[in-house]
Amino acid sequence: MNDPFETLGLPRTFDIDLRAVEQRFRDLSRAMHPDRFADKAPAERRLAAEQTVTLNDAFRLIRDKMNRVLTLLAAAGRPIHETARAEPGLLMEIMELREAIDDARTDGRPAEALQRRVDARIDDEESALREAFDGTSFPPVGERLDRAYNAGVRLKYLYRLRDELDALE
Amino acid sequence: MGLLQIFDPSAKPTPVGIDLGTTNSLVAWVSDGAPTSVLDCDDDPIVPSVVAFLPDGQIIVGKEALAYLYTQPRETIVSVKRYMGRGFDDAETRRERGYQFAPAREGQANVVRFVVHGREVTPVEVSALILKELKRRAEDKLGSIAGAVITVPAYFDDAQRQATKDAARLAGLEVLRLVNEPTAAALAYGIGTNRTTGTYAVYDLGGGTFDITILSLDDGVFQVRSTGGDSQLGGDDMDRAVALHMLALAGQSEPFDQGVWRAAMLEARRVKHELTDKSESAFELELASSAAPKTFAKAITRSELDALILGVVERTGPACKRALKDAGIDGKSLDGVVLVGGSTRVPLVRSFVAKLFQQEPLTDIDPDQVVALGAAVQADILAGTQQHDALVVDVTPLSLGIETMGGIVEKILARNSTIPCARAQQFTTYADGQTGFDIHVLQGERELARDCRSLARFKLDGIKPQTAGAARLLVTFRVDENGMLTVAAKDEATGKEHSVEVKPSYGLTDEDVEKMLLESYEHAEEDLRARQLTERVVEAEQVIAATKKALAKDGDLLDEDERAELDGALAALERAVQARDSEGLRRRTESLDQASVPLAERRMNRAMREAMKGRSVDSVESEVAHARGVDSHVTEHTARREH
């Protein structure tokens, strides 16, 4: 599989400048989108379509945070498998938060306090990823990688929780 | 307009853009860089999407067909677009008053069939008649035409898109691309008003469909961020609400006489149009009765109209909010809201949009023409004439998934994925000796298969019987530039392509369309063969020209042997063109294609390197804080599979 960071010509970092990435995406689209090859030979048109599929996929994987985390960890040799579960402590915490969200939904109450709490938890976990994938050396090893992996597993739950909170409005 | 037009026989065929609308259709082309609609002899660009089938077999399309709405309402088809890609059992089919539908029959494709004077016609055939009329108009004006970009609602599903393509094929039109209506409108806006940057919403409320699209425009790239809508919502629904109200005032109750109902619908539309500028509009209903026809007359005020259609207008709200959220932007931060579609002339719609997006919408370009004009620009771009340096990057409106155990849908491609896109998924046999898979593909956002729109069943047969889990197939789901799905399967062990049989849930099969083509006398067999030869010659000439151009520019990328092979293949194809040998053309075109692969690859690499060099990605370390909305949104709920 193509490495999405490589496809977009970016360093493998957790933090990205979304505007710059979008700019790069547009520049590459301009160079390889099939529409730019309408009057070219069929072999070039096919190639353009294939490359664009790869480019679009790379953009999708990097633009979205959870996908970016999964991509980085897989590239570092520690993929998060579908069956990966967070430790019981976090699962309890998630369940408790989810109940609170349900209550807020049924009462039609604003969930600002909940939102702040989830955001703070997310910030915490993200810092481990930020540190492991800071663009200096890749792949991270030892404890740095372990911490990043565990943070990635937790974020799977936490991002989903934040989506649910966002849907409350 | 001149009385006589003389065409230069050597003139290049013109690519056209077609807006195949629920109520009205238009065709446009680009003339000296400016998109222009084709006008009729009254200088009117609009062809009403109405087809009348007369008892003597005559078929009338457009303005002249409108007269038959009163005299033969069942055989005069309006708003056929609402039936495209729909089945006999769809709620929409059953809701419509005024037509006679043929009953569903076992073993027949699940499509709507109108009964007209004892024969059955499908929506695809009716749409093809409208397209033929547009084609005829364009040819009268432009001589020969070189394919068409046809617009579809962004929210059209796969079956609806396929039906549109089938209609074009029946009409003898080469489809350059299906383009989403709001995107086409944005293209016309961007080029027509010289707007070069910013994020815009396109609110497109037509006769029968509603789309909302959020897109950003940057240096000629029109990038769609999100889209949403309802392919069964539009001005027709307002007319229906008004017609029902008028008939109720007249003391009529269901079921209505067909003619009375059609007349009421037309009168309702007229009243709605009149209330755009006036505060009150008088109406008259002819109430046919067996005893004596009588007339009922009364008036409707603007505020009465508003109350009647409020429900319809409000139904557009949730899709707008979701599209904004998917794009990670709020209404007031948009640089503009563009109104498209005839229904956006209704004052209530305008005030609703202004309130929803917290800004006054833009109406600089005629909302009835803007989609066709944009389609013409895209056709011009795709024909390679390069009068405009614009690029459209669009998305798929609906999530695509497959049915898994227990009727649960597993998402494969999320909505708002940039197209073209593809995702591969591994399938393994779960029983000993299993020789096939049945993959049920659905479109929609809901979690249960029964709540999503069934798209097709793909059958993979002929797997060598082995123990469970031994056979592995890699199935690739691909959404192309037209927003349409293709499925390919490959045996992982052998790398061999595996055939996939497609059974569309709604719509005609390829064979159905083929049969319809053969049935129309214009496409008798010799005709087909002559056409095939012409098509192959045209294709070969295009490939030759493209290859020579590529060689002239980047010939240095090939070594001597590669160059010799390519030159040989070129010469062979040129000879086949001279000989007008159909089979030879097919083979030589293919050989040239093979021989041009190395050049294509190297040219592509060169182009990509240059694109990367163009601008450096600065400040990658700092995350733009306010972009969180866009950034965190598309989180997929199904974990990514390793493949």
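Domain bounds are taken from an automatic or database domain assignment. On this basis chain A is divided into domain 1 (4–63) and domain 2 (88–166), and the C-alpha centres of domain 1 and domain 2 of chain A lie 30 Å apart. The model is predicted: local features need pLDDT of at least 70 and side-chain atom pairs count only at pLDDT 80 or more, while totals for chains, interfaces and linings use all residues. Residues are numbered from 1 along each chain as its sequence is written, chains are lettered from A and ligands numbered from 1 in the order in which they are written, and side-chain values use heavy atoms, with hydrogens and water left out.

Domain 1 and domain 2 of chain A bury about 540 Å² between them, 67% of it on carbon and sulfur atoms; buried area is the accessible area (1.4 Å probe) that two parts lose on being put together, summed over both. Of the area that domain 1 buries against domain 2, A:Arg12, A:Phe14 and A:Asp15 supply 86%, more than any other three residues. Across this interface the rule finds 1 salt bridge, defined as a side-chain nitrogen of Lys or Arg within 4 Å of a carboxyl oxygen of Asp or Glu. A:Asp15 forms a salt bridge with A:Arg130, with the closest N and O atoms 2.8 Å apart.

Over all chains, the structure holds 12 aromatic pairs, in which ring centres of Phe, Tyr or Trp (its six-membered ring) lie within 6.5 Å; planes under 30 degrees apart count as stacked, over 60 as edge-to-face and the rest as tilted. One of the pairs, A:Phe25 and A:Phe59, is stacked, at 4.0 Å centre to centre and 10° between the planes.
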